[in-house]
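Dear colleague,

Please find the structure below, together with a short account of what was found in it.

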Amino acid sequence: MNFLKRHWWWVLVLGSTAVLMAAGLVLSFMLHSEKSRDEAVIKKSLSALQGVRQFFNPEAAKKAAAAAEYRDKQLKDIQKYVEQPKSAWDVLVPEVFPVYNEEKQRTRLFDFRSRYVVKLQSFMPRMNAGDPESLSGGVVTVALFAKAPSTASPGSFYWDPWISPASGEPPHNQAENQNSLRESQDNIWLQEDIVDAIKRTNDTWFKSRDLPVAEQTVANSVVKELREIVIGRAADEVAGGTGRTFASSYSGEGLRYRYVSAGAGPGQGGPAVAGRAAPEAHGVRAPVPSGLASNNNGGRFLALPFKVTVTADGGNYLELVRQLGGTRSFITVESVDYAILPETEGGARTLFLAQAGQRSLYGSRALATVVIRGTSLIFEASDKEGGRPTLPPTTATAAAGTNP
C-alpha cells in the first residue's frame, strides 16, 4: 500500500494507458467493421454491374432514332406541301395574279366575276348534286341536294358581294380590286376542296356497300344536303341561346382573316388593316379551339375561318370531318355541332324537300344537321418558288417572314 502511495503517478499512467488502449481497440474495430460493410456493398454492386452487358437498350435507341427521322419527314412534307407548285392552283383568270394593270386589264374584273359564278355552278355536277327546286321526278338520280348558284344568288355556296352583277361596277381602285380578286380566288379553292371532300365522303360509303351507280342516291348517301358554306368572320360567330361568339378574335377592319385582338395578352396584338396586316402577337392564342390567328404565327400564314352546314346520315357524318383533312387548303377542323332532326313536321321543314315522300327521298336512317367550323391556312411562302399565285409579289418585308 505504501508502495502505491509512493508511486501513485505510475499507477495513474498505467491506468490511463489501459483505458486509452481499450478505447482505441473499440474504435479500430468499429472502423474496420464499417469499412468491411462498405467493401461488401461495393463488391455486391460491382458483381451486379458485371452481369449487365450494356447500360442502354439498343431497341429503345432505334425507336428514338426512328421517331426523330419521322419528325424530320413530317417537317419536310409540310414544307413541300406549303410550297406546292403553281400547277396545283387553277386560277379563274391567270392574267390578274399576282398583280394586274387597272387601266389596261379592267375588263378582267368582269371576266373574273362571270367565271366565278360558272365555277360554282360546276360544283353541282362535280358532287353529283341536284337542285331540289329544279328537280321533278328525277330526284333519285342524284347523290345529294344543293341550291344551285345563279347570277343573282350563290345558292348553297359563298361569294363576296362584289361578285354579284347586282353590286354594280367595281370601284376604280387597283389595290381594293386586287385584294377582292385574291380573296375571291382563295374562296373558290377552299370551296373546291370542301366539295371534293363531300364527294369523297359519299363515294367512300357507296364503295363500302358496293352500291351500283343507279343506287348512289340521296337516300343512300352520307351527306344528303349541302346547306351552306360561309367564309370569313361570319363563320366564327356562333348563333344560338349560348350567346357564345369568337368575334373577339377580330378588331379594326379585319372582317375576313382571324387576328388576335388588341390587349389579348403578351404581345398585345393590334387591329387588322384592310383585313390583312396587323402587328405581331407572338405567344398569344386566339380565343378559338385551335388558337390559330394571322398575327401570332411569325408571319407564316393567314388564318381564314369557314363554316360548312350539311344535312347528313346521323350515324356516319364524321366521315366528312375525316375527309376534310389533308386538303390543298390546309384545313383544320375546330368544332362539330350535331343535332338529330326529329321526324316531325317541324323537323321536316328544315330540309330542302319537306314532303310526304321524305323517307323515300332521304332514306330510312336518322338525319342530323351538322355544322363544321374550321380554319384554312393561307401560307405566305411568297419568298419561295411555287406557292399559290394569289400571294403578293415577293418583297423584302415578305421575305423577312412578316405579313405583307
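**Surface patch and aromatic pairs**

Strand β5 (residues 331-340) contributes the most to the nonpolar patch, with 3 residues; strands (E, at least two residues) and helices (H or I, at least four) are DSSP runs numbered from the N terminus. This is a predicted model, in which local features need pLDDT of at least 70 and side-chain atom pairs count only at pLDDT 80 or more, while totals for chains, interfaces and linings use all residues. Residues are numbered from 1 along each chain as its sequence is written, and side-chain values use heavy atoms, without hydrogens and water.

The patch on the surface consists of Leu318, Val336, Tyr338 and Ile340, with about 340 Å² of accessible area together. Ile340, located in strand β5, is partly exposed at 44% relative accessible area (buried is under 20%, exposed over 50%, partly exposed in between; 1.4 Å probe, protein chains only).

The structure holds 8 aromatic pairs (ring centres of Phe, Tyr and Trp, the last by its six-membered ring, within 6.5 Å; planes under 30 degrees apart are stacked, over 60 edge-to-face, the rest tilted). One of them, Phe112 with Tyr116, is tilted, at 6.4 Å centre to centre and 45 degrees between the planes. These two residues are 4 apart in helix α4 (residues 107-126), so about one helical turn separates them. Phe112 is buried, at 0% relative accessible area, and Tyr116 is buried, also at 0%. Phe301 and Phe379 form an edge-to-face pair, at 5.6 Å and 70 degrees. This pair links distant parts of the chain, strands β4 (residues 301-313) and β6 (residues 367-379), 78 residues apart.

Yours sincerely

Terms used: Patches are made of residues with over 30% relative accessible area and no salt bridge: like charges are joined within 9 Å, nonpolar side chains (Val, Leu, Ile, Met, Phe, Trp, Tyr) within 5 Å. Accessible areas come from the Shrake-Rupley method with a 1.4 Å probe; for residues, only the protein chains shown count as cover. A salt bridge is a side-chain nitrogen of Lys or Arg within 4 Å of a carboxyl oxygen of Asp or Glu.
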